[in-house]
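Please read the following report alongside the sequence and the three-dimensional view.

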Amino acid sequence: MNDMKEKILVTGGTGYIGSHTVVELQNAGYEVVIIDNLSNSSRKVLDGIKNITGIMPAFVEGDCTDLKTLSTLFENHKGIKGIINFAASKAVGESVEKPLLYYRNNLVTLINLLELMPQYDVKGIVFSSSCTVYGEPDVNPIDETAPIKVATSPYGNTKQICEEIITDFIASGANIKSILLRYFNPIGAHPSAEIGELPNGIPNNLVPYITQTAAGIRKELTVFGNDYNTPDGTCIRDFIDVVDLARAHVVAMKRMLDNSDSDALEVFNLGTGNGLSVLQLIEAFEKASGVKVPYRIGERRAGDIEQIWANPKKANEILGWKAVVPIEETMSNAWKWQCRCAGN
Ligand code: UD1
């Protein structure tokens with residue numbers, strides 16, 4: 001045991017999942033350097049992180065698609081041992097309209113990081129992947145051995161291609177390790193309400209839409225379809241608390257850096273193992289917040305998957321990690337965060 005803090009670079013560290021992960025890394029004793037271009041987040045997030053952990057992380061405002069910016073960062077912050085790569089664009093619809101933006105941002109960022117890792121002796125990289133790589137599953141719950149399906153959007157394709165880039169780089173003999181984390185549906189906020197999801201404009205994702213509707217910012221929620229082949233007709237997802245998700249990154253990083261026996265490349269599903277329908281989630285929100293959410297049933301949304309939930313056994317057993325936050329608590333934290341945002 002030495003008390004030298006290991007240094008971790010978190011790209012996209014002021015974003016939604018990134019900021020929660022920075023908190024957990026700092027709480028676990030890691031020293032964090034964030035790089036973020038603030039394209040979908042704000043500098044204020046840094047204060048939130050400091051208020052929770054008592055530590056202001058080092059921050060570089062910059063774009064990971066610029067190799068020079070990254071090499072300067074590694075020169076100025078010597079001794080970075082691991083990277084968690086959150087810096088990416090993630091809106092499915094936008095990716096259909098602006099595919100090159102998505103390919104450039106998501107792919108070039110990863111390639112730059114991988115290229116610099118051996119040069120600066122960085123041992124491991126955690127990559128934010130998505131259950132979107134499985135497409136519409138043949139069976140649920142879905143484990144990591146399930147086939148990868150043809151991507152239905154440029155966004156989804158960038159996740160698949162990035163997984164392949166890392167796989168090929170490691171197969172070529174590069175002396176690095178990587179863990180691919182396939183997230184299901186991250187929701188909620190830090191219980192302190194210091195950090196949370198900050199969607200730009202009209203939210204695409206379900207939970208910010210629910211909380212904004214409850215807060216009166218949106219008139220009503222549209223439930224996209226109730227004629228699916230599910231018990232209540234609405235889609236089913238595996239909603240995972242963002243703090244649970246963040247904790248998994250810390251465990252994954254520790255495994256790459258401290259466990260010399262672990263494979264160079266590993267992949268884990270991060271979900272709860274429970275599927276909840278859209279209507280069940282609305283109900284959980286209403287129960288947790290005591291606020292009714294006005295909604296109507298609308299058309300199906302193009303490209304939606306009917307039902308998908310995780311088999312998280314591999315992460316449970318090998319990482320020793322498990323999602324533990326009950327759904328009511330997650331929804332209550334999402335609501336607290338919404339109320340705090342509105343008050344800002
Ligand atoms: C989407 C992406 C996923 C991405 C994730 C994070 C698809 C197919 N998947 O997940 O790859 O990683 O966002 O950005 O797009 N819903 C409503 N009304 C709303 C909003 C959503 O009924 O106003 C429903 C959707 O139809 C869906 C469920 O809620 O059934 C979840 O939607 P959302 O939060 O957007 O996540 P995904 O589509 O699962």
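Gln26 is found in helix α1, where helices (H or I, at least four residues) and strands (E, at least two) are DSSP runs numbered from the N terminus. This is a predicted model, in which local features need pLDDT of at least 70 and side-chain atom pairs count only at pLDDT 80 or more, while totals for chains, interfaces and linings use all residues. Residues are numbered from 1 along each chain as its sequence is written, and side-chain values use heavy atoms, with hydrogens and water left out.

Gln26 counts as buried because its relative accessibility is 5%; buried means under 20% relative accessible area, exposed over 50%, and partly exposed in between, with a 1.4 Å probe and protein chains only. Leaving aside neighbours within four places in sequence, Gln26 is in contact (heavy atoms within 4.5 Å) with Val32, Ile49, Thr53, Ile55, Met56 and Pro57. Ser129, which lies in strand β5 (residues 124–130), is also buried, since its relative accessible area is 2%. Not counting residues up to four places away in sequence, Ser129 touches Lys159, Glu163, Leu181, Arg182 and Tyr183.

In soluble globular proteins, nonpolar side chains tend to be buried together. A nonpolar core is here a set of buried Ala, Val, Leu, Ile, Met, Phe, Trp, Tyr and Cys residues joined through side-chain atoms within 4.5 Å. The largest such core has 37 residues, of which Ile8, Leu25, Leu181, Leu270 and Trp321 touch the most other members. At least two residues of this core are supplied by each of several elements, including β1 (7–11), α1 (16–27), β2 (31–36) and β6 (177–183), and the largest share, nine residues, comes from α8. Leu25 is in contact with Ile8, Val10, Tyr30, Val32, Ile84 and Val250, when its neighbours within four places in sequence are left aside. Apart from this core lies another, of 28 residues, among them Leu73, Ala87, Val122 and Ile166.

Some backbone features lie in loops. The peptide bond from Asn140 to Pro141 is cis, with omega near -5°, and Pro141 has its place in the loop between β5 and α6 (154–171). Leu38, in the loop between β2 and α2, has a positive phi near 60° although the residue is not glycine. Asp121, in the loop between α5 (99–119) and β5, likewise has a positive phi, near 60°, and counts as partly exposed because its relative accessibility is 45%.

Which residues come nearest to the ligand? Of the 20 residues around the ligand (a heavy atom within 4 Å), these are Leu206, Thr222, Arg237, Arg301 and Asp304. The table gives polar contacts, pairs of N or O atoms within 3.5 Å.

| Residue and its atom | Ligand atom | Distance |
|---|---|---|
| Asn185, side-chain N or O | oxygen | 2.9 Å |
| Asn205, polar side-chain atom | oxygen | 3.1 Å |
| Thr222, backbone N or O | nitrogen | 2.7 Å |

The protein covers 89% of the 740 Å² of accessible area that the ligand has on its own, as computed by the Shrake-Rupley method with a 1.4 Å probe. The elements that give two or more residues to the shell around the ligand are α7 (206–214) and β8 (221–224), with the largest share, four residues, coming from β8. Of the nine residues of α7, seven are buried, among them Val207, Pro208 and Ile210.

Notes. A polar contact is a pair of N or O atoms within 3.5 Å; within protein, one must be able to donate a hydrogen and the other to accept it, and residues adjacent in sequence count only if both atoms are side-chain atoms.
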